[in-house]
Amino acid sequence: MINLKVTCDLEGQRLTFTFEFEEDEPKSTSAKMVGNQFFVELPKEVGMGDIHPDHLALCSFLVARPWLVKNITFPRPVSRKFATAIEVFRIKVGPINQEVIPYCSNQGEYLGLAFSGGADSTAALAVLPNTTIPVFLNRPLIEKSLYNKNAAIESCNNLKKIGYRCLTVSCDLELIRKPVGFPTDLANGVPAIVLAQHLNLFGISYGTVFESLYGLGRMKYKDYEETSHKRMWWHVFEAAGLPLSFPVAGISEVGTELICSKADIGSIARSCIRGSAKIPCYKCWKCFRKSTLRVSLGLECENADLMKQLIENKEVKTKLSKLPISHENVLLYAFSRLRLINYPKEFNARFAHDYDLAFLERWYPPSSRYVDARIRDDVILNIKKYLEPMDASDEIRVKNWNNEARIENLQPLEYNLNHGD
């Protein structure tokens, strides 16, 4: 029985993926599937024959995975190797053609980077080989959206000016779900995956940081090696001939900001996706988190009026009321370096802690195993240009990170904005 059939059509240079579900599909999740199509705009010299069937299948699976129940039929027959890799998800796939030769990463020459234009993505590019090809997923603008891609486009243009082969690829896969966003955390790599054979890629890299890979941005440390994410997705990408690399996986958001402050390309980083190419919006959660951190590091001047504007924002207040707060370890680090007299008095109790978080300024060496062996030594050398490695005592602090007990004794942060003298 087929639960999901995926078809692909190319009209002009627009490659459209269409999902046809049976009555019991799609599966109900917290993010609702509100469309059954997405497109990728291909460069004019690329045709269907330039896309490996396993890569079409991987793109389909990355987008459909949250709503998939049992079986999926891909647009073109896939290799036995790729089909077997998908089985770890307990999903049956087809059609399979024994004559489809798997894509071989050993023949590739370049690494692709799913590039966002933000600090983490830019830091990843700074430590990767300078032949890396950044690929930006250029989401179309929709009515009433606060999204502004001008800053990211400007970052891409600046990379092109200094010699990077940076691609901006129109793709609307984020609109297939509500709320708008990536169906899976690796789905922003879809444009690079579609173009992998054309670009002669040997792998796909992401700007995934320490907080995300090892859980420090949530409640407690987790060994990525033991996670379902590692067990499933790593194997699938390898089977597609595009092994994953996470060059900043052992680097906190603290470290990526430090890298951007030192690297030649660091100044292109633009984390805000609502402001202009020149000025962040200073109204969103990302602006609050990044600006707070940058001020604490001495990379941005403290501006009391600006910070008041940020903490008055409804989105920021909502995010700060969570237990835990997203990337709470970074905020704990930042507020330990700031004068809390400039904030509502409730911030004192919420961000009080006795952790030694200086290790967030350094690099976690065990993470190097998540960088492709072909570039690992170069990436390690590049990281060491910007950051010191953690020592044994730092690594113990990392593995012992646990914010659960502290959170259990806290109330959600609520504050009076009429504070101060």
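Guide: Start with the open sheet: five strands, in the order β9-β8-β7-β11-β12, with parallel pairing. This is a predicted model, in which local features need pLDDT of at least 70, side-chain atom pairs count only at pLDDT 80 or more, and totals for chains, interfaces and linings use all residues. Residues are numbered from 1 along each chain as its sequence is written, and side-chain values use heavy atoms, leaving out hydrogens and water.

Visitor: What makes β9 and β12 edge strands?

Guide: β9 (167-170) and β12 (244-245) each have a single partner strand, so one side of each has no neighbour in the sheet. Strands here are DSSP runs of E with at least two residues; helices are runs of H or I with at least four, and both are numbered from the N terminus.

Visitor: How do you know that β11 pairs with β12?

Guide: Pairing needs at least two DSSP bridges between two strands. β11 (residues 201-205) and β12 are joined by two bridges and run parallel. Ile 204 stands opposite Leu 244 of β12.

Visitor: Which strands does helix α3 lie across?

Guide: α3 (residues 119-127) lies across β7 (110-115) and β8 (133-138). Its direction is at about 165° to β7. Such angles run from 0 to 180 degrees between N-to-C directions, with axes fitted to C-alpha atoms, for helices over the stretch in contact.

Visitor: What joins β1 to β2, and in which sense do they run?

Guide: Eight bridges join β1 (residues 4-11) to β2 (residues 14-21), and the two run antiparallel. Leu 10 has Leu 15 in β2 as its bridge partner. The two strands form a hairpin with two residues between them, and Gly 12 in the turn has a positive phi of about 65°.

Visitor: How many bridges link β2 and β4?

Guide: Five, in the antiparallel sense, with β4 covering residues 37-41. Arg 14 has Glu 41 in β4 as its bridge partner.

Visitor: Why is α10 called oblique to α13?

Guide: The axes of α10 (residues 285-296) and α13 cross at roughly 40° and come within 8 Å. That makes the pair oblique. The classes are roughly parallel under 35 degrees, roughly antiparallel over 145, roughly perpendicular from 65 to 115, and oblique for the rest. The crossing of α10 and α13 is left-handed, meaning that the near helix is turned anticlockwise from the far one by less than a right angle; clockwise would be right-handed.

Visitor: Which residues meet where α10 and α13 touch?

Guide: From α10, they include Trp 285, Phe 288 and Leu 293; from α13, they include Val 330, Tyr 333 and Phe 335. By class, this contact has eight nonpolar, two polar and one charged residues. Ala, Val, Leu, Ile, Met, Phe, Trp, Tyr, Cys and Pro count as nonpolar; Asp, Glu, Lys and Arg count as charged; the others, Gly among them, are polar. Contact means heavy atoms within 4.5 Å.

Visitor: What makes α9 and α10 roughly perpendicular?

Guide: α9 (residues 253-262) packs on α10 at an angle of about 70°, with axes 11 Å apart. The pair is therefore roughly perpendicular. The crossing of α9 and α10 is right-handed. Glu 253, Val 254 and Glu 257 in α9 meet Arg 289, Lys 290, Leu 293 and Arg 294 in α10. That contact has two nonpolar, no polar and five charged residues.

Visitor: Why is Asn 382 called buried?

Guide: Asn 382 has a relative accessible area of 14%, so it is buried. Buried is under 20%, exposed is over 50%, and partly exposed is in between (1.4 Å probe, protein chains only). Asn 382 sits in helix α15 (residues 376-386). It touches Ala 126, Val 127 and Leu 128, not counting residues up to four places away in sequence.

Visitor: Arg 90 and His 327: buried or exposed?

Guide: Arg 90 is exposed, at 77% relative accessible area. His 327 is buried, at 13%. Both have a positive phi: near 60° for Arg 90 and near 55° for His 327. Most residues other than glycine have a negative phi, and most peptide bonds are trans. Arg 90 lies in the loop between α2 (80-86) and β6 (92-96). His 327 is in the loop between α12 and α13.
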